[in-house]
Amino acid sequence: MEITVKRRTWLLGILMSVSLKFNGEPVASLSGFQEKTISIPEPEGQLEYIQPMDRSHQVHVKDGDIITLKETPLNKTLNILFFTTLLYNIFANSYVLYTGNFFDHRLSGMLAIASFIVFIAVGVISLFFNSYRLVVENKSELAQAE
């Protein structure tokens, strides 16, 4: 008896691995865009992901199911915000390196502070919600019918 688990996460999701538990027992660990076929001891049960500083999510699975670990819209927003903040900081620092002058426009300074505050706020809010969710992509009954 086995299930297939795929992990599809963006930039920040690659940084930490996710542990998987089947009926409370650890069965595997996933990182990045990894895909694993996992042996399960029972024909059906609860699959749960565990990640530090994140809430868990459970889904009922059966033998032969294909499960995808996907990011929630909140976590996608955090990834986009992180990436744009990173690009802004790279651009501002490269401006200083090439010209020798500091990026001293008031608007850009306010933009940097505002993006930092929003980034911290979304990060704190994300601690109270799931970053990922388990989705059963292919039910085992559909796979057996084919």
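A search of the whole structure finds 1 aromatic pair; rings of Phe, Tyr and Trp (its six-membered ring) pair if their centres lie within 6.5 Å, and planes under 30 degrees apart count as stacked, over 60 as edge-to-face and the rest as tilted. The model is predicted, so local features need pLDDT of at least 70 and side-chain atom pairs count only at pLDDT 80 or more, while totals for chains, interfaces and linings use all residues. Residues are numbered from 1 along each chain as its sequence is written, and side-chain values use heavy atoms, with hydrogens and water left out.

**The aromatic pair**
- The rings of Tyr49 and Tyr132 have their centres 5.8 Å apart and their planes at 80°, so the pair is edge-to-face.
- Tyr49 lies in strand 5 (residues 44-50) and Tyr132 in strand 8, 83 residues apart, and the pair thus links distant parts of the chain.
- Helices (H or I, at least four residues) and strands (E, at least two) are DSSP runs, numbered from the N terminus.
- Both Tyr49 and Tyr132 are buried (buried means under 20% relative accessible area, exposed over 50%, partly exposed in between, with a 1.4 Å probe and protein chains only).

- An open sheet is formed by 4 strands in the order 4-1-7-8, with mixed pairing; two strands pair if DSSP finds at least two bridges between them.
- Strand 4 (35-39) and strand 8 (132-138) stand at the edges with a single partner strand each, so one side of each has no neighbour in the sheet.
- Strand 1 (residues 2-8) runs antiparallel to strand 4, joined by 5 bridges, and Val5 stands opposite Lys36 in strand 4.
- Strand 1 also pairs with strand 7 (residues 66-71), in the parallel sense over 5 bridges; Thr4 has Ile66 in strand 7 as its bridge partner.
- Strand 7 and strand 8 are antiparallel over 6 bridges, and Leu69 has Leu134 in strand 8 as its bridge partner.

**Helices and surface**
- Ile80 is in helix 1 (residues 73-99) and counts as partly exposed, at 47% relative accessibility.
- Ile80 and Trp10 are 70 residues apart in sequence and 9.3 Å apart in space, C-alpha to C-alpha.
- Ile117 lies in helix 2 (residues 106-126) and is exposed, with a relative accessible area of 53%.
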